[in-house]
Amino acid sequence: MTDVPTLSGNEITDAVRRNNTQGDGLLPEQGSTGIWEATTNLVTNGGFETNTTGWSEESAAAGFTRQAGGGKFGSAFGRINNVSNDHGVRMTVTVSLSTTYTASVWLRGVSGVQIKIRLFAPTAAVLLGQINPGILTGGWQRFTLTVTSHSSDPEIRFQIEPTGSATFDFDGVQLEQQPLATPYVETNGASATRAACRARGPSSVVSTAQAWCAFRLRMGWASASPPDANERLFNWGTYGGNFLCLLNESGSWKLLRHTTVDTNRCTKAATFGAGAITTVIGTWTAAGASLSVDGSVFTFVANADVPTISAAFDIGSDAGTGLHIDSEVFWMTTGTGTLTDADARLIASFNNSPSITDFPGTPTWFWDSGPDGTQVPLVVGQLGTGRI
């Protein structure tokens, strides 16, 4: 394990965004790395790169065509030039019964155009859910809709149509077995999967007896509706054994440390919306563990259960196998000193791309996940203390 973070290659980085064939739709140079769980796009032609196969018009009045150049992703997009009320396009996909699915699509139209996105169970003739209407603003916008599939109909019909006569474009169409919309996976004739990502850092830069870690994130979900029971931000060791973990569980941030039994969790309640930028700091000593969120006073809990861990730590997932943070990391840093409440306020005041020299608490490792997409960390005493 080197001092450079080990990445699986499935992360959403600025390099992925520059390629513009999949991702979260952000512009390059946003300076973040999206750490997402695996997903499969069931819409077999989500980007119209080659043709319009799989899509059908509700009537010829929909005026459905494939347009080359200028799409949100790739080299093409779909267009509706509707000359009659409520005529759009649809695609039907096979799904599992009574299962949660999330649809997402990028739309562009003249400001004020109103769009309906509907998910039907076609055989059962049941409307599973709809956004009615989505109102366009003139640029590319992403709309999402989460539903539960029908108990006896193994299909979902994805339908996009205007309210009234209108012209609009669409691209990056996705339907996935997820409780939230993940970044777009390009499809061109068949469903496609993006594997779960995994990012790891060296154990040599932290200690289970006394250290800290701090993260700057853009949350991919709201605190009131987390995608899983818990999402792990800093995962070191194995739960049920020697373990230290900073995670979000049911909307609250928690810091765990133990050798065999999960006891004395440090908990910090937090309320945030999807897309919110937040700073989370976990710190621990031989006496206990503390948490600060967005510069708040540290919450402390006594905990003298110090584990022994030599493996690399994971950033944003449980060893890349699940419980992903499903969010974007701007930066992460670790240290072996101690932090005060004033230090927490200082760290929370940093922008999305600070320098390692800005940090108190004897920083030992800094991962700046952008803006150039190379994800190069800085290690005090080894690579210097200035930001590249």
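**Figure 1. Burial and overall build of the protein chain.** In this predicted model, buried residues make up 55% of the 388 residues in the protein chain. The secondary structure of the chain consists of 2 helices and 27 strands, and the radius of gyration is 23 Å, close to the 21 Å that the globule rule gives for 388 residues, so the chain is as compact as a globular protein of that length. Computed along its principal axes, the C-alpha trace spans about 70 × 45 × 35 Å. Among the contacts with a separation of 6 or more, 70% are between residues 24 or more positions apart.

**Figure 2. The surface and charges of the protein chain.** The accessible surface comes to about 14,100 Å², and 50% of this area belongs to carbon and sulfur atoms.

**Figure 3. Phe 48, a buried loop residue with a positive phi****.** Most residues other than glycine have a negative phi. Phe 48 is not a glycine, yet its phi is positive, at about 60 degrees. This residue is found in the loop between strand S3 (39–41) and strand S4 (56–57), and with a relative accessibility of 0% it counts as buried.

**Figure 4. Trp 55 and its aromatic partners.** A search of the whole structure finds 20 aromatic pairs. In one of them, Phe 48 and Trp 55 are tilted, with 5.9 Å from centre to centre and 40 degrees between the planes. The rings of Trp 55 and Phe 158 have their centres 6.5 Å apart and their planes at 70 degrees, so this pair is edge-to-face. Because Trp 55 lies in the loop between S3 and S4 while Phe 158 lies in strand S12 (residues 155–162), the pair ties together parts that are 103 residues apart in sequence. Trp 55 counts as buried at 9% relative accessibility, and Phe 158 is also buried, with a relative accessible area of 2%. One aromatic cluster is formed by Phe 48, Trp 55, Phe 64, Phe 158, Phe 168 and Phe 170.

**Figure 5. Asp 294, a partly exposed loop residue with a positive phi****.** Asp 294 has a phi near 55 degrees, which is a positive value in a residue other than glycine. Its place is in the loop between strand S22 (288–293) and strand S23 (299–302), and its relative accessible area of 47% makes Asp 294 partly exposed.

Terms used: Residues numbered from 1 in each chain as written. Predicted model: local features only at pLDDT ≥ 70, side-chain atom pairs only at ≥ 80, totals over all residues. Heavy atoms only, no water. Helix = DSSP H or I, 4+ residues; strand = E, 2+ residues; numbered from the N terminus. Rg over C-alpha atoms; globule rule 2.2 N^0.38 Å. Buried < 20%, exposed > 50% of the residue type's maximum accessible area, 1.4 Å probe, protein only. Contact = heavy atoms within 4.5 Å. Areas by Shrake-Rupley, 256 points an atom, 1.4 Å probe, with all protein chains shown as cover. Phe/Tyr/Trp six-rings, centres within 6.5 Å; stacked < 30°, edge-to-face > 60°.
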